[in-house]
Amino acid sequence: MVEAIGLEKITKKVKKDLNSKKDVLLFAFNATGKTRLSRQFENTNESITALYYNALIEDYFSWDNEEHTLTFTTNAWLYKFIKDEGLENDIAATFNTFTDIKIDPLIDFETGNIQFQIINEKSRKEFIKISKGEETLFKWSVFYSALKKVLDILNEKPESRSTDEYNNLKFIVLDDPISSLDEFKIYTLSMQIIEMMRFTHEKNINISFLISTHHTMFYNILYNTMKKRNKKRKIKSLFYMMIKENYNLILTSLNDQGLISYHIKSLLEIHNAFINNTIKKIHYNMFRSVLEKSSIFLGYSNWLDLFQKYENREKLSKIVNMNSHERYAELETEYLTQEQIDEFKNGFDYFIKTYKIKL
């Protein structure tokens with residue numbers, strides 16, 4: 001069921017839901033407009049009504065490769081808040097729930113520089129450069145620790161709060177905090193979000209959550225938990241999918257059905273795009289999402305394992321990855337070479353035939 005068309009109307013619809021004390025979980029492929037939607041909740045005046053995690057939060061940080069130092073923008077609200085509240089120990093504890101070895105993030109609040117220290121095999125302290133996935137998890141740990149503190153503050157009586165800056169907070173917006181993570185870490189992060197939502201609602205803190213993602217596993221973990229909560233409690237959750245069609249954003253309801261039926265619709269849309277010669281980069285995103293979900297269902301560790309007998313396996317992997325993993329995909333050109341389209345078509349046909357999918 002179509003709920004809204006266009007970013008402005010979708011924003012209005014989602015805000016109406018959130019203002020009605022409902023949480024919203026939204027699935028959307030990469031380059032569909034998740035980040036643009038999350039930016040519609042940015043605070044436009046002195047009153048803070050939303051806290052959001054998206055690509056802009058990640059841009060508060062930058063690497064100095066020579067010094068193995070991560071620099072935190074010192075004029076960011078997030079930096080000032082963790083400094084004022086003394087949250088460095090909370091950040092380190094959260095970060096180390098994800099790491100295989102103990103890594104100590106050392107934050108210099110004078111400069112904003114952060115170094116990561118381990119005890120090496122010779123029992124000596126050593127500074128390291130963390131991986132891309134660990135960097136994502138550290139950024140999330142900073143935001144998560146700050147958000148937990150804000151919720152603790154709001155759980156106190158107004159006259160007892162250490163700050164009144166968040167008294168008007170209404171929305172928490174989380175846009176895909178799981179990039180570059182493996183399945184175990186996605187599950188751990190999902191549990192943190194679920195626990196945070198549970199705390200917020202059990203304490204009757206007047207805040208609603210908007211969570212958007214392109215990742216089917218992350219979506220399904222949250223979907224199943226929130227769906228069960230709908231039945232057990234009075235708290236209401238709504239489920240949507242946002243797609244791009246003919247340059248329009250379309251919001252459709254998933255409240256009466258799970259995500260899986262939309263994978264068949266995605267394959268059908270790709271099939272029709274081949275017939276009509278209208279293949280775009282969004283279709284690579286759709287296909288990759290279906291492959292990731294299928295590989296998890298069949299017990300494979302990687303979607304490419306679905307193509308074990310496909311002769312151009314590595315070439316297909318390169319083309320799908322190249323057209324579905326650009327960080328700023330919305331700003332990229334839609335130009336596709338005929339070779340890319342042909343290889344996509346061959347891989348698509350192989351998948352449909354091998355796994356006997358009826359379209």
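The questions below ask how terms used for this predicted model follow from their definitions. Residues are numbered from 1 along each chain as its sequence is written; local features need pLDDT of at least 70, side-chain atom pairs count only at pLDDT 80 or more, totals for chains, interfaces and linings use all residues, and side-chain values use heavy atoms, with hydrogens and water left out.

Q: How do you know that the length of helix 1 agrees with its number of residues?
A: Helices are DSSP runs (H or I, at least four residues), numbered from the N terminus, and the expected span is 1.5 Å times one less than the number of residues. For the 13 residues of helix 1 (residues 7-19) this gives 18 Å, and because the end C-alpha atoms are 18 Å apart, the two values agree.

Q: What makes I10, T11, V14, D17 and L18 the buried residues of helix 1?
A: Buried means under 20% relative accessible area, exposed over 50%, and partly exposed in between (1.4 Å probe, protein chains only); I10, T11, V14, D17 and L18 are the residues of helix 1 classed as buried. They cover an arc of only 125° around the axis, taken from the directions from the axis to the C-beta atoms, and therefore lie on the same side of helix 1. The face turned away from that buried side carries the exposed residues E8, K9, K12 and K16.

Q: Why are strand 9 and strand 10 called paired?
A: Two strands (E runs of at least two residues) pair if DSSP finds at least two bridges between them. Strand 9 (residues 171-175) and strand 10 (residues 208-213) share five bridges in the parallel sense, with L174 opposite I211.
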